[in-house]
Amino acid sequence: MIKLVAGVAFMLVLSAAPALAQTIYPIDRADILVGAKFDFKVELSGVVDQARLKVTLNGADYAAVFGQGGTFTAREAGRDQSALLLRDVSLAKPGPVTVEVSDGTQSRTVSWTVYDTGPRKAKNVILFIGDGMSPAHRVAARILSKGIAEGKSRGKLAIDDMPHMALVATAGSDSIITDSANAASAYATGHKAAVNALGVYADRTPDPLDDPRVETITSLLKRAGLAVGIVTNTEIEDATPAAMVAHTRRRAAYDAIVAHYFDARPDVLMGGGAANFLPQSAAGSKRKDDIDYLARFRDAGYPVATTASELNALAARPETRQLLGLFATGNMDGALDRKFLKGGGVKKFPEQPDLTEQVQAALTVLSKHESGFFLMVESGLIDKYAHLLDMERAVYDTIMLDNAVRLAKDWAKARNDDTLILVVADHNHPNSLVGTINDDMATTPNVPLRERVGVYDKAGFPNYPAPDAEGYPSRVDVSRRLAIFSASLPDHYETFRPKLDDPNEPTVKGDQPDTFKANDKYKDVPGVVLRFGNLPAMIGASVHSGEDVILTATGPGSERVHGSMDNTEVFRVMVDALGLGARK
């Protein structure tokens, strides 16, 4: 009884306590570009008398600083919690800003840094993102595409052959482990975000589309009169490309993201994901309404390409200044399937362009805009294959990314190097290159595959065939292959071999709701091992990891890339190169 009374008394004290500012958006230690728009929100943990609420920036009333008053909600979302919200505000002067919120009794303070940029250095910026690209992927791509002898590589990757390099921290606002949404959002906005969030601070309201927004680099560039391109080989609605324009805390809101694309009107937009552009009555559609965004883009002046030949023809037309390319209903296929194995969706979509073709077409169209451009290029399937423990496909798509970067570097060099080029991963995967797998059954029969993993001196060098002109060996099922393993595992059958039929599917739905179990598809492969995972049963694939990622850069403004950086600083490198603060 004593404990119960004490508990009730404690709750009464809490209910009578003055409300505190639960959260202030933008959050503490946010870096904000001069003139960039954002939503300012104060969330209070209880019901507050508006007359007692005081909000100041550097001691001045918020309404005077922002030039407008906010919308006060006494009971936000029908709960005993108040909120103050202002949309589309900005700050005109650089310097430190202290935001203080008080209800007359208690207060909360956060600090921001508002920064300017110098004059414009670069005409264009190209941001390459290898989604989930780990150092192991880069090293494996180098070995396969360049070769190695007596410990020395026979060449450098274009993504590594750059004068400036940094390690980039990737944590989000709510976790040390990020996903593609808030990781790419940090690059696109310069603000931290929560997992699954795009261009917003995830607030406590139930609506995933009303959260406090922060302006994206593509919006800033459109306001400054520059062109914008977004290229991927995933669904165009997927997190990384969507982060360039979208504002939602729910990355899976594909229908809304397509609407955001239409509102933003990037000059070039390419990838898969046609299913969410088609009305729900159309074959293959995944929309939940009858809006035909393919027709809307056409009516807005966008020619539409659905195959590689259409893409190349449309880009070459002198009058093409905008272009929409949708080459699959879902994700496009990776290099290994398209060029060699013909697996995945290649039979259904046989004329998908390579990422290099997409980049060439984007450069052709965007360079017609004399004011300059920003182009984001994602090799997005590196991540998806890494999740599926499909290492060979991930490495081939890393080689494809490298080819696209080389193309862009050559393009920039021919134009007086007026383009800043950055190459980075959005987050890491816990993949490691630990040695080789000796699968020569003729010389070593009856040896379990696990015992064929060679480490240290037993690893030696792999025996992939010499790469073709694009850097791809013609086979991955050689007798001495790279051994790339993940540190995060679901239960699965490990074959130690490339999947030559289709992309790997390590798990299927489990017997209990919301769980996964090992896929029986490969359980009868000779030498297979049932590997028990180290992840919760609700996780059906490998997961991201929290290590820093590698950023390399070349071109005007790339000197800012060095040492240890935060992912929000990548945004600052780009806006500084383009002088967006100086433009006001």
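Helices (H or I, at least four residues) and strands (E, at least two) are taken here as DSSP runs, numbered from the N terminus. The model is predicted, so local features need pLDDT of at least 70 and side-chain atom pairs count only at pLDDT 80 or more, while totals for chains, interfaces and linings use all residues. Residues are numbered from 1 along each chain as its sequence is written, and side-chain values use heavy atoms, with hydrogens and water left out.

P26 sits in the loop between β1 (21–25) and β2 (30–33), and the peptide bond joining Y25 to P26 is cis, with omega at about -5°. Two aspartates are worth a look as well. D88, in strand β7 (residues 83–89), has a phi near 55°, which is positive in a residue other than glycine. D514 also has a positive phi, about 60°, without being a glycine; its place is the loop between β24 (507–509) and β25 (516–518). For background, most residues other than glycine have a negative phi, and most peptide bonds are trans.

How covered are these two? Buried means under 20% relative accessible area, exposed over 50%, and partly exposed in between (1.4 Å probe, protein chains only). D88 counts as exposed because its relative accessibility is 54%, and D514 counts as exposed because its value is 70%.

Now go inside. A nonpolar core is a set of buried Ala, Val, Leu, Ile, Met, Phe, Trp, Tyr and Cys residues joined through side-chain atoms within 4.5 Å. The largest one here has 124 residues, and L127, F128 and L422 have the most contacts inside it. Helix α13 (residues 391–413) supplies the largest share of this core, twelve residues. Apart from this core lies another of 28 residues, including L44, F72, L86 and Y201. Back at L127, leaving aside neighbours within four places in sequence, its contacts (heavy atoms within 4.5 Å) include Y187, F374, L422 and M574.

Finally, consider V434, which lies in strand β20 (residues 431–438). V434 is partly exposed because its relative accessible area is 36%.
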